[in-house]
Amino acid sequence: MTLLLLAACGQTPSDSGPADTDVPTNLRDRAFVVSEESDELFVFDHASLAAIDSVDTNVVPGRVNGNHMAMVTPDGRKVYVSASEADSLVVFDAASLARITTIPVGRHATHTAFHADRSELWVMNEDDSSISVVDTLSDTVVHTLTDPSFVVPHFAQFSGAYAYVPSIGGNQISVVDLATYAVVDTIVPEGLVAGACSADPCGFADAQIGPNGVLFASHIETGRVVVYDTVSLTRLPDVTVGPLPWSAFVDPFSDDDVAFVPSWITETVTRVGVDGAASIWTAGDAEVYGVNFSPTAPDAAFVLNRVRNEVAVIDRATGVRLDTLAVGGTTETATTTPSGRLLLPISSTGEVAVIDTATREELVRFTGVGEYPWSVATASGQNYCH
């Protein structure tokens, strides 16, 4: 089944927002896809599999935004699109899809993260090495955070009284006190010191936090995973994985304290536990930006093999390949919904596929959604970006 449209890095820690039932029914199943090379925001319903609309996000006439990420407020009512080349956030009403406002932020804004309890959206300004904190009630920048430990900040995650900010250009994860907005500590791989690292990329692309509060983050240059308990504020032993590990991915639907880490050079995926145990499996490829999980397929992990144009389905306990889903183009990142549907942008073909993770069946493919669809977000899915 194919629907034509005439005219598109993730966040689910315990502090990320209310349950799916708190989102208005008419917005609960909306998905928002941004395209990097065109200014389209493609919107569809992932339950009914119906295309809804495509809206223009352009900020500067005659210049493409370079849209990087969409994020939906935890109540499902607003959508924020980071327009990297326009140094802005474009804000939409999620129901009417009317543009609400455009918010100037720092230079080359990419990834965004919600702290729902504070009605805040944190925006990573990579070229400024700063963070713009946006009040999502007034849609104004209320804080601009700078610190020497921010060396191309690449994401933010929240747990308890702190935010954790990984730098993709540095050896550290900055720990920000949410009471003062000041950096109070840095988490650095064993044997290294805080500061800029040498390769490009070299630091931490993300730092994901599981439902029990355990943080996993892979250091790209050294191939080591930092493990940190954000509840007890306890450092656990680092774990060595394969070279060039892009990111560590945790399952937001499970309380397992494990992460799955793809390594590009060896084309492997490593299962890392809090006890330091590591199991390395040949399930990846040379450019994996995402690993997804599903409540309706709890024994499987879905590895987005970008170079091979496939999703590898592996057994989470053994690493055995259960299936290979050929998708016909390059995968970037994806969202898995609480109903178990994998929403997969296919950047090279300008499409979005919806896959049932329980049956591994492709349910629908939307075509013509934009030029180089880059990321997708819902109100309560496994949202992330790269």
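**View 1. Arginine 306 and glutamate 332, two buried charged residues.** Arginine 306 is buried, and glutamate 332 is buried as well; here buried means under 20% relative accessible area, exposed means over 50%, and partly exposed lies in between, using a 1.4 Å probe and protein chains only. For arginine 306 the relative accessible area is 14%. Arginine 306 and glutamate 332 form a salt bridge, with their closest N and O atoms 3.0 Å apart; the term stands for a side-chain nitrogen of Lys or Arg within 4 Å of a carboxyl oxygen of Asp or Glu. Arginine 306 sits in the loop between E25 and E26 and glutamate 332 in the loop between strand E27 (321-326) and strand E28 (335-336), so the bridge ties together parts that are 26 residues apart in sequence. Strand labels (E, at least two residues) and helix labels (H or I, at least four residues) are DSSP runs, numbered from the N terminus.

Please keep in mind that this is a predicted model, in which local features need pLDDT of at least 70 and side-chain atom pairs count only at pLDDT 80 or more, while totals for chains, interfaces and linings use all residues. Residues are numbered from 1 along each chain as its sequence is written, and side-chain values use heavy atoms, with hydrogens and water left out.

**View 2. Glutamate 287 also bridges to arginine 306.** In this salt bridge, the closest N and O atoms of glutamate 287 and arginine 306 are 3.1 Å apart. The pair links distant parts of the chain, 19 residues apart: glutamate 287 is in the loop between strand E23 (278-281) and strand E24 (288-292), and arginine 306 is in the loop between E25 and strand E26 (310-315). Glutamate 287 counts as partly exposed because its relative accessible area is 23%.

View 3. Asparagine 305 belongs to strand E25, which covers residues 300-305.

**View 4. A salt bridge between arginine 360 and aspartate 323.** The side chains of arginine 360 and aspartate 323 meet in a salt bridge at 3.7 Å, N to O. Arginine 360 lies in the loop between strand E30 (351-356) and strand E31 (361-367), whereas aspartate 323 lies in strand E27, and this pair links distant parts of the chain, 37 residues apart. Arginine 360 is partly exposed at 30% relative accessibility, and aspartate 323 is partly exposed at 27%. Elsewhere, salt bridges that share partners join Glu190, Arg224, Arg235 and Asp238 into one network. The count of salt bridges comes to 16.

**View 5. Aspartate 139, a buried loop residue with polar partners.** Aspartate 139 is found in the loop between strand E11 (130-135) and strand E12 (140-146). With a relative accessible area of 11%, aspartate 139 is buried. Which side chains make polar contacts with the side chain of aspartate 139? One is lysine 78, at 2.9 Å, and another is tyrosine 80, at 2.5 Å. A polar contact is a pair of N or O atoms within 3.5 Å; within protein, one must be able to donate a hydrogen and the other to accept it, and residues adjacent in sequence count only if both atoms are side-chain atoms. Not counting residues up to four places away in sequence, aspartate 139 also touches other residues, among them Val91, Ile100 and Thr101. Isoleucine 103 is 36 residues from aspartate 139 in sequence, with 7.2 Å between their C-alpha atoms.

**View 6. The disulfide of cysteine 197 and cysteine 202.** The sulfur atoms of cysteine 197 and cysteine 202 are 1.9 Å apart and form a disulfide, which is a pair of cysteine sulfur atoms within 2.5 Å. The count comes to 1 disulfide. The link is right-handed, with 75° about the S-S bond. Cysteine 197 and cysteine 202 are both buried.

Definitions and conventions:
Contact means heavy atoms within 4.5 Å.
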